[in-house]
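Subject: Structure handover

Hello,

Here is the structure for your files. My notes on its sheet and its charged side chains follow below.

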Amino acid sequence: LSGSARPTVSVPCNAGVACSVARNNRSEDAGGNPSNGALIHGTENAIVLMNNYRFTGNSARSVLDLTSAGFVEVANTLIDNNTFTAAILQFPEGDPNVELNHLTITDNVIGGPGVIAHRGHVELNRSIIWQPGKKVRDTAASSGTFDGDYVLANETASIPGVGLALYPFNPGFINPTRKDYRLRAGSEAIDTAPYTAALDGN
C-alpha cells in the first residue's frame with residue numbers, strides 16, 4: 001500500500017461498486033501448496049492504517065501478522081467466511097499501539113483458540129466479535145494490556161480489561177447464510193453504544 005500517490009494499476013472505486021475487498025486469496029508456496037503466510041505481513045516499524053475493508057473467502061494463517069509495527073489502526077472492517085490456521089489478527093512483537101475500532105468478525109474457521117493474539121497494547125472498541133467456540137483473545141499466546149469499550153462478543157472471559165458494556169448475546173445479523181451482516185431490526189446491538197457523529201453512514 002502506498003502512502004502517497006495512487007498506484008497506476010489501481011482502479012478508482014465507482015459509486016455502487018464493492019471496493020476495498022480482499023476476496024478468495026490463498027496463501028501458497030511456489031508449487032501451489034498451502035503455506036503459513038498471512039494476507040498482510042508487515043515488519044520494520046510498519047504503519048498500518050486500514051478503514052472500510054472487507055476480508056472474505058480467503059485462506060491463510062491470518063489477516064494481519066505484524067512484527068515490530070510502529071502503529072496499527074483497523075476500523076470499519078468486516079472479516080467473514082475465511083479459513084485461518086491461527087489467530088485472525090496477530091501482533092507478536094510488542095507493538096506499541098494497536099487500535100481496533102468498529103469491527104465485525106464472524107463466521108470464520110480459526111485453527112487457533114482465539115481471534116486476537118498480541119504482545120503489546122491492544123484497544124478494541126465498538127466491535128462485534130462473534131466466533132462461537134473461540135476466545136476473543138488467545139490468552140495463551142498474548143501478553144501486554146488489552147482494553148476498550150462496547151464490545152459485543154460470544155464470550156468475555158478472555159477480555160477482562162474491556163470496560164463498560166460487554167454484551168455476550170447474539171448480535172442478530174439479518175442473514176448470515178447470505179453473508180448479510182447488517183443488524184436486523186430489534187437487535188440488542190443497535191444503539192448499545194452512545195451516538196457518535198463520526199459514525200454516520202457506517
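What is the strand order of the open sheet of five strands, and is the pairing parallel or antiparallel? The order is E2-E6-E9-E12-E14, and the pairing is parallel. Strands, like helices, are DSSP runs numbered from the N terminus (E, at least two residues, for strands; H or I, at least four, for helices), and two strands pair if DSSP finds at least two bridges between them.

Before the rest, some housekeeping. This is a predicted model, in which local features need pLDDT of at least 70 and side-chain atom pairs count only at pLDDT 80 or more, while totals for chains, interfaces and linings use all residues. Residues are numbered from 1 along each chain as its sequence is written, and side-chain values use heavy atoms, with hydrogens and water left out.

Strand E2 (40–42) and strand E14 (135–137) are the edge strands, each pairing on one side only. E2 pairs with strand E6 (residues 64–66) in the parallel sense over three bridges. Ile-40 has Leu-64 in E6 as its bridge partner.

Arg-137

Arg-137 is found in strand E14. Arg-137 is buried but has no salt bridge, and the nearest side chain of opposite charge, Asp-138, is 8.5 Å away. For these terms, buried means under 20% relative accessible area, exposed over 50%, and partly exposed in between (1.4 Å probe, protein chains only); a salt bridge is a side-chain nitrogen of Lys or Arg within 4 Å of a carboxyl oxygen of Asp or Glu. For charge, Lys and Arg count as positive and Asp and Glu as negative, with His and the chain ends not counted.

The Arg-137 side chain does make a polar contact with the side chain of His-118, at 2.7 Å. A polar contact is a pair of N or O atoms within 3.5 Å; within protein, one must be able to donate a hydrogen and the other to accept it, and residues adjacent in sequence count only if both atoms are side-chain atoms.

Salt bridges

A search of the whole structure finds three salt bridges.

- Arg-54 and Asp-80: the closest N and O atoms are 2.9 Å apart. Arg-54 lies in strand E4 (residues 54–56) and Asp-80 in strand E7 (residues 71–80), so the pair ties together parts 26 residues apart in sequence. Asp-80 is buried, at 0% relative accessibility.
- Arg-61 and Asp-65: 2.9 Å, N to O. Arg-61 is partly exposed at 21%, and Asp-65 is buried at 11%.
- Asp-180 and Arg-182: the closest N and O atoms are 2.7 Å apart. Asp-180 is buried at 16%, whereas Arg-182 is exposed at 55%.

Regards
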